[in-house]
Amino acid sequence: MLRGKPASNPVAVPESSPWPGGETAFGTTERAAGIRFYRAKESFFRPYVLLRAMALAEGQLTFVFADDEVVVQGRGLHVAYAAAAEGRLAWLGEQGERFAAAGSGPVGIIRIELVPLRDRG
């Protein structure tokens, strides 16, 4: 029998997660816990367990969570919609109108709006 304190196992972070620079509108991973939404100087997270519904329309992707709604406006949003439906969408980053229009990627995020459900009515 071994005596003494057990060795502690350090928590390893597999990779750093820098703030998205705007070149890429979204990121995916296998089995994401939820979606991180990045705006110019703020970010918020919503877990997939609170996701109740999604809707995709021309230039707009709406996520309905238990406590609020997130409205994403941009182009090429079907790619992000499909990734979210599969639970792989890890983050979305607001690029702004100018950057989203000039970007060469398939998806451009113009605006991300957080709408608390208690404010709808």
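**Group meeting: sheet, core and ring pairs**

I start with the sheet: four strands make it up, it is open, its order is β1-β7-β2-β3, and its pairing is mixed. The edge positions go to β1 (26–28) and β3 (43–47), each with a single partner strand, so one side of each has no neighbour in the sheet. On average, and ignoring direction, neighbouring strands here are turned by 15° against each other.

Before going on, a word on confidence. This is a predicted model. The mean pLDDT of the protein is 84, with 75% of its residues at 70 or more. Helix α2 (residues 97–102) has the lowest confidence, a mean of 69, and β5 has the highest, at 98. Where pLDDT is low, the predicted coordinates should not be read in detail.

Back to the sheet. β2 and β7 run parallel and are joined by three bridges. Across from Arg36 stands Trp91, in β7. As for the helix, α1 lies across β1 and β7, and its direction is at about 150° to β7.

Now the core. Which residues have the most contacts inside the largest nonpolar core? They are Phe37, Phe63, Val72, Leu89 and Leu92, in a core of 25 residues. At least two core residues come from each of β2 (34–38), β5 (60–65), β6 (68–75), α1 (78–85), β7 (89–93) and β8 (108–116). The strand that gives the most is β7, with four.

Take Val72 as an example. Leaving aside neighbours within four places in sequence, its contacts include Phe37, Phe63 and Leu92, and also Leu61, Leu77, Ile109 and Ile112. Arg111 and Gln60 are among the contacts of Val72 too.

Last, the rings. The whole structure holds five aromatic pairs. In one of them, Tyr38 and Trp91 have ring centres 6.2 Å apart and planes at 80°; the pair is edge-to-face, because planes over 60 degrees apart count as such. Tyr38 is in strand β2 and Trp91 in strand β7, so this pair ties together parts 53 residues apart in sequence. Both Tyr38 and Trp91 are buried.

Another pair is Phe63 with Phe65, which is stacked, at 6.2 Å centre to centre and 25° between the planes.

Conventions. Residues are numbered from 1 along each chain as its sequence is written. This is a predicted model: local features need pLDDT of at least 70, side-chain atom pairs count only at pLDDT 80 or more; totals for chains, interfaces and linings use all residues. Side-chain values use heavy atoms; hydrogens and water are left out. A nonpolar core is a set of buried Ala, Val, Leu, Ile, Met, Phe, Trp, Tyr and Cys residues joined through side-chain atoms within 4.5 Å. Buried means under 20% relative accessible area, exposed over 50%, partly exposed in between (1.4 Å probe, protein chains only). Contact means heavy atoms within 4.5 Å. pLDDT is the predictor's confidence in each residue, from 0 to 100. Two strands pair if DSSP finds at least two bridges between them. Axes are lines fitted to C-alpha atoms, for helices over the stretch in contact, and angles run from 0 to 180 degrees between N-to-C directions. Rings of Phe, Tyr and Trp (its six-membered ring) pair if their centres lie within 6.5 Å; planes under 30 degrees apart count as stacked, over 60 as edge-to-face and the rest as tilted.
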